[in-house]
Amino acid sequence: MSDDDADGTDDASGVVPIGVKLGSTRTVIALPDDHGTDQRIIKTLTCMATYEDALTGEEKILYGEEAAREYPDRVQYMLRSGLPEDAERAEMTETFFEALIEENDLPADSGVVYAIPTIDNPTGLENLRSVIEGSSIGLELVESYPESLCGSIPAFGDDLEAIDEIFVAVNMGSTNLEASAYRRGEQLSPFTTGAVTGNEVDRMIANYVEEETQGRVNIDTQTAREYKEEHADFVDFEPFTDIIQQPGGGSHEFTIERSVMDAVDEYLDDVVDELANTFLPELANDYMKVYKLALDRPVVLTGGMACIPGIVDEFEERLSEELNRDVEATAADQPDVAPTIGAQRIATRLVENS
């Protein structure tokens, strides 16, 4: 398959292959661009806010970064647990997704593959299925695949080489840490925990900032997440300054030296501990041969936390030390976007074969 084919740009049927990840923090969509020569990536925060039109009284909707910026007091993140937990959140997710589809003019005549988190939550999965099936795209084809498998596809090459591999994938997401072994596309020993998450890192950063500044500075988790995404770096972290407005007037400038890296450092230790002492022993117990073969291949990291510079090498070093054996790790160039790109490549293949 050529690179153009892998991007879904040579399909003669007119059906557009689309990859979608409805993430707890961000939603990402991938499809061929208007010229069919490159990929178009749509990326936005998975949140929305409603407000009343001052003139007509009509309820209006904002979503994504605009909603988070303008209405931080009442913005709703519908998928904070990774899935729509109830009917209300499912309806909000559907409203958000349809607004996104309409604003970006996504074609109804499309084949859509969704990257789905590995979570043991039948109600949430059923709610997500209703959102997917009720959307106005994917009239030709709708399928879903595990998010960690989709996210591993760009890490292995330009096509779908990951489908023919035996390997371990670790999804370092906002709401869950997920790990699975894959044997030629078959998911084995899926593991999920909500105890080690990107959201928890945000809360830790907020607490550590308060401690580091002797209680003079209190930040919300949105600001903490921005600190993490802009400054966390296992290779070249540098202290940074910020300014807050004081309640009584005036401003206060402060410097953060430890809070961000202390939090992500603890997070990575916890990730390694969960994998080495829970997931991998379970995998070895259930599929010893797969365990041995998988650890001879690179462990693939996906998800937003895998975007932190240097975290792949740090993970590799810490897991190798914990297991007392050499372990290799890898990640796609953009681990947070990788699941959507992988899903879009699968969609391309399915559209071609349909």
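Q: Helices here are DSSP runs of H or I with at least four residues, strands are DSSP runs of E with at least two, and both are numbered from the N terminus. With that in hand, where does Gln334 lie?
A: Gln334 sits in the loop between strand E14 (329-331) and helix H11 (338-353). Residue numbers start from 1 along each chain as its sequence is written, and side-chain values use heavy atoms, leaving out hydrogens and water. This is a predicted model: local features need pLDDT of at least 70 and side-chain atom pairs count only at pLDDT 80 or more, while totals for chains, interfaces and linings use all residues.

Q: How confident is the predictor in the protein chain, going by its mean pLDDT?
A: pLDDT is the predictor's confidence in each residue, from 0 to 100. The chain's mean is 91, and 95% of its residues reach 70 or more. Over residues 1-11, though, pLDDT stays under 50.

Q: What makes Gln334 buried, exposed or partly exposed?
A: Buried means under 20% relative accessible area, exposed means over 50%, and partly exposed is in between (1.4 Å probe, protein chains only). Gln334 comes out at 47%, so it counts as partly exposed. As for His231, it is 103 residues from Gln334 in sequence and 17 Å from it in space, C-alpha to C-alpha.

Q: How many disulfides does the structure hold, and how do you know?
A: A disulfide is a pair of cysteine sulfur atoms within 2.5 Å, and the structure holds zero. Take Cys47: the nearest cysteine sulfur, that of Cys307, is 18 Å away. For Cys150 the nearest is also that of Cys307, at 16 Å. Cys47, at 0% relative accessibility, counts as buried.

Q: What do you call the way H8 and H10 are set to each other, and why?
A: Under 35 degrees is roughly parallel, over 145 roughly antiparallel, 65 to 115 roughly perpendicular and the rest oblique. H8 (residues 259-286) and H10 (residues 311-323) cross at roughly 45°, with axes coming within 10 Å. The two helices are therefore oblique to each other.

Terms used: Contact means heavy atoms within 4.5 Å. Axes are lines fitted to C-alpha atoms, for helices over the stretch in contact, and angles run from 0 to 180 degrees between N-to-C directions.
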